Amino acid sequence: RSLNMPASMLFCFLIYVNIYAQGSVNTAISSKGTVQSETRYAALAIDRSNGFYFGWANDCTTLSEAEKKAIDECSKKGGRCTVILSFSGTGCAAYRFITGNVGMGYGWGLARTKEEADMKAKKECAERSFGLPAPNLIIRCNSDNSGELKEIYNAHDEIRSMQPGAIT
């Protein structure tokens with residue numbers, strides 16, 4: 001028995017099946033049948049006096065949702081938290097920190113890939129920890145097809161100027 005389906009309906013059905021099979025929740029089909037992306041947001045919040053307390057949010061539909069989730073997660077761990085990094089689009093952020101009472105031994109980085117983000121986080125942490133290695137790594141990425149990568153906020157320069165002995 002043959003299935004007589006107009007080509008446009010078959011095309012839309014195949015796109016839907018492909019999207020569903022990939023598990024993507026942030027793509028949609030436009031009225032012209034093309035796959036569109038929805039912007040996703042991410043945020044990292046830390047306790048600036050001790051980077052051991054941190055919180056993440058990624059793949060959020062709004063910036064305010066991402067920032068609130070990150071702050072809430074950080075606060076639940078016991079920190080007095082503020083957002084230090086927020087971004088939108090397809091990309092990754094890495095956060096490195098030193099366990100214990102070191103306090104200022106942390107750093108973060110944002111890039112299109114996990115590896116690039118981690119390289120930036122290592123470098124920043126080394127600056128802040130006087131070269132001590134930071135063995136703890138946490139990486140969060142927004143989904144593919146979540147828009148062009150854009151840094152919205154980065155507290156790197158603010159925190160750098162607050163450090164004892166920092167050159168301002």
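A residue counts as buried when its relative accessible area is under 20%, as exposed when it is over 50%, and as partly exposed in between (1.4 Å probe, protein chains only). With those words in hand, let us look at some charged side chains.

The structure is a predicted model, in which local features need pLDDT of at least 70 and side-chain atom pairs count only at pLDDT 80 or more, while totals for chains, interfaces and linings use all residues. Residues are numbered from 1 along each chain as its sequence is written, and side-chain values use heavy atoms, leaving out hydrogens and water.

**Salt bridges**

Side chains of opposite charge can pair when their charged atoms come close. A salt bridge here is a side-chain nitrogen of Lys or Arg within 4 Å of a carboxyl oxygen of Asp or Glu.

| Pair | Closest N and O atoms |
|---|---|
| Arg48 and Glu158 | 3.1 Å |
| Lys69 and Glu65 | 3.2 Å |
| Asp72 and Lys68 | 2.7 Å |

Where do Arg48 and Glu158 lie? Arg48 sits in the loop between strand 3 (41-47) and strand 4 (50-60), and Glu158 belongs to helix 4 (residues 156-162), so that the pair links distant parts of the chain, 110 residues apart. Helices (H or I, at least four residues) and strands (E, at least two) are DSSP runs, numbered from the N terminus. Arg48 counts as buried because its relative accessibility is 19%.

Lys69 and Glu65 are both in helix 2 (residues 63-76), 4 residues apart, about one turn of the helix. Asp72 and Lys68 also both lie in helix 2, again with a spacing of 4 residues, or about one turn. Lys69, at 43% relative accessibility, is partly exposed, and so is Glu65 at 27%. In the other pair, Asp72 is partly exposed at 32%, whereas Lys68 reaches 52% and therefore counts as exposed.

**A histidine in helix 4**

Helix 4 also holds His156. Is His156 buried or exposed? With a relative accessibility of 16%, His156 counts as buried. Its side chain makes a polar contact with the side chain of Glu124 at 2.4 Å. A polar contact is a pair of N or O atoms within 3.5 Å; within protein, one must be able to donate a hydrogen and the other to accept it, and residues adjacent in sequence count only if both atoms are side-chain atoms. Leaving aside residues up to four places away in sequence, His156 touches Trp108, Glu124, Glu127 and Arg128, where contact means heavy atoms within 4.5 Å.
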